[in-house]
Amino acid sequence: LYLTPYRCSGVGLALCRRLLEEDGRIHLCIACRNSQKSIATRDLILATHPSAQVSTVEVDLGSLASVLRVARELRCRFKRLDFVYLNAGIMPNPHVNFKALWHGLLTRRVLHMLTTAEGIMTQTDRLNGDGLQEVFATNLFGHFILVRQLESLLCGNEKPSRLIWTSSSNARESAFSLSDYQHAKGQESYSSSKYATDLTSVVLNRKFNKQGLYSSVVCPGLVMSNMTYRILPVFLWKLLMPIMWLIRFFAKTYTLTPYNGAEAHVWLFKQKPEYLDALVKYHSCTSGLGKNYVEPRKVDVDEETAEKLYEKLLELEKQTLERYSDLLD
């Protein structure tokens with residue numbers, strides 16, 4: 001069974017289609033925030049793969065109650081999970097610093113700036129219904145709770161189970177602080193949450209590899225999706241598109257299309273997890289001539305910091321789940 005919590009479009013939809021192209025025998029369960037959209041997505045998938053086994057569940061990764069309900073439903077419906085693609089994410093109220101962008105274009109760091117958005121993009125976060133920072137809750141903590149609740153389906157199976165987290169080249173240590181791991185005080189909540197994702201994946205391998213559970217992180221590159229279109233007006237993206245195609249000759253992570261962005265996700269589907277490096281992030285890349293490939297890069301994480309974050313997540317889990325005892329087995 002392949003569980004994919006994701007937005008009902010973009011890389012998530014492309015991933016589902018590409019997985020079925022690799023192996024049409026898999027049972028694919030798609031998890032979306034909106035049941036109508038998940039059903040519509042299932043119909044789109046079945047239109048091109050009519051014999052595929054595709055089921056759906058509804059979950060809002062930003063709501064602990066929703067995560068606990070779907071985990072209980074999945075434990076009832078399935079005996080094991082082979083792959084869980086953790087692809088859901090939000091970037092609310094993105095703001096581009098055009099002054100910093102202009103100055104950056106005139107420096108040697110222009111390529112780094114264009115591929116990571118470092119120093120030119122911020123977000124305005126808020127608290128969600130559980131009293132957690134919304135970006136942290138949706139991009140990391142909801143996934144963490146889901147994984148914890150599904151341990152019985154992920155560990156101790158005949159074959160290894162896999163977690164594949166969608167991270168980002170925007171994941172930066174400079175945006176993250178252990179003392180403010182929810183990023184309540186900063187303006188780079190998205191970057192912080194993705195760096196925390198990298199840290200969490202590293203620790204999960206240390207904790208669970210012996211139980212047959214392996215974790216990896218990927219970066220889809222710059223993909224034109226609903227999330228991307230919120231950064232700038234659509235008409236401006238259309239004007240920039242020819243330039244972006246040219247930039248791809250120098251910036252291979254400008255994958256641009258969801259199909260290209262899913263390259264690393266699909267590549268990991270075909271690998272034996274025992275031979276993968278837990279300290280590597282797998283980047284989807286596309287050459288200037290349109291060839292897709294995967295580039296492994298060491299993640300910039302401190303393993304001691306990763307362990308401390310994991311302990312903080314466990315403590316937060318304990319605190320927050322006390323109010324949802326009726327949803328726990």
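**Reading the surface and the interior**

Reply: We may begin at the surface of this predicted model. A nonpolar patch there is formed by Leu111, Leu246, Phe249, Phe250 and Leu289, whose accessible area together is about 620 Å².

Me: Where does Leu111 lie, and how does Leu111 count in terms of accessibility?

Reply: Leu111 belongs to helix H5, which spans residues 110-116. Its relative accessibility is 37%, so Leu111 counts as partly exposed, the range between under 20% for buried and over 50% for exposed.

Me: Which residues of H2 are buried, and why do they fall on the same side?

Reply: An α-helix has 3.6 residues a turn, so residues three or four places apart point the same way. In H2 the buried residues are Ser38, Thr41 and Ile45. They lie on the same side of H2 because the arc they cover around the axis is only 60°. On the face turned away from that buried side are the exposed residues Gln36 and Ala47.

Me: What covers the buried residues of H2?

Reply: The cover includes helix H1 (10-22), strand S2 (27-32) and strand S3 (53-58).

Me: How is Ile45 placed in this packing, and which residues are in contact with Ile45 beyond its neighbours within four places in sequence?

Reply: Ile45 sits in helix H2, residues 35-48, and counts as buried because its relative accessibility is 0%. Setting those neighbours aside, Ile45 contacts Leu13, Cys16, Leu20, Leu28 and Val54. Arg17 is 28 residues away along the chain, yet its C-alpha is 6.4 Å from that of Ile45.

Me: Which residues are buried in H3?

Reply: The buried residues of H3 are Leu64, Ala65, Ser66, Val67, Leu68, Val70, Ala71, Leu74 and Arg75.

Me: Finally, consider a loop position. Is Asn170 buried or exposed?

Reply: Asn170 counts as buried, because its relative accessibility is 7%. Asn170 is in the loop between strand S7 (161-166) and helix H8 (189-208). Not counting residues up to four places away in sequence, Asn170 touches Thr116, Ala117, Glu118, Tyr190 and Ser191.

Conventions: Residues are numbered from 1 along each chain as its sequence is written. This is a predicted model: local features need pLDDT of at least 70, side-chain atom pairs count only at pLDDT 80 or more; totals for chains, interfaces and linings use all residues. Side-chain values use heavy atoms; hydrogens and water are left out. Helices (H or I, at least four residues) and strands (E, at least two) are DSSP runs, numbered from the N terminus. Buried means under 20% relative accessible area, exposed over 50%, partly exposed in between (1.4 Å probe, protein chains only). Contact means heavy atoms within 4.5 Å. Patches are made of residues with over 30% relative accessible area and no salt bridge: like charges are joined within 9 Å, nonpolar side chains (Val, Leu, Ile, Met, Phe, Trp, Tyr) within 5 Å. Accessible areas come from the Shrake-Rupley method with a 1.4 Å probe; for residues, only the protein chains shown count as cover. A salt bridge is a side-chain nitrogen of Lys or Arg within 4 Å of a carboxyl oxygen of Asp or Glu. The arc is that of the directions from the helix axis to the C-beta atoms.
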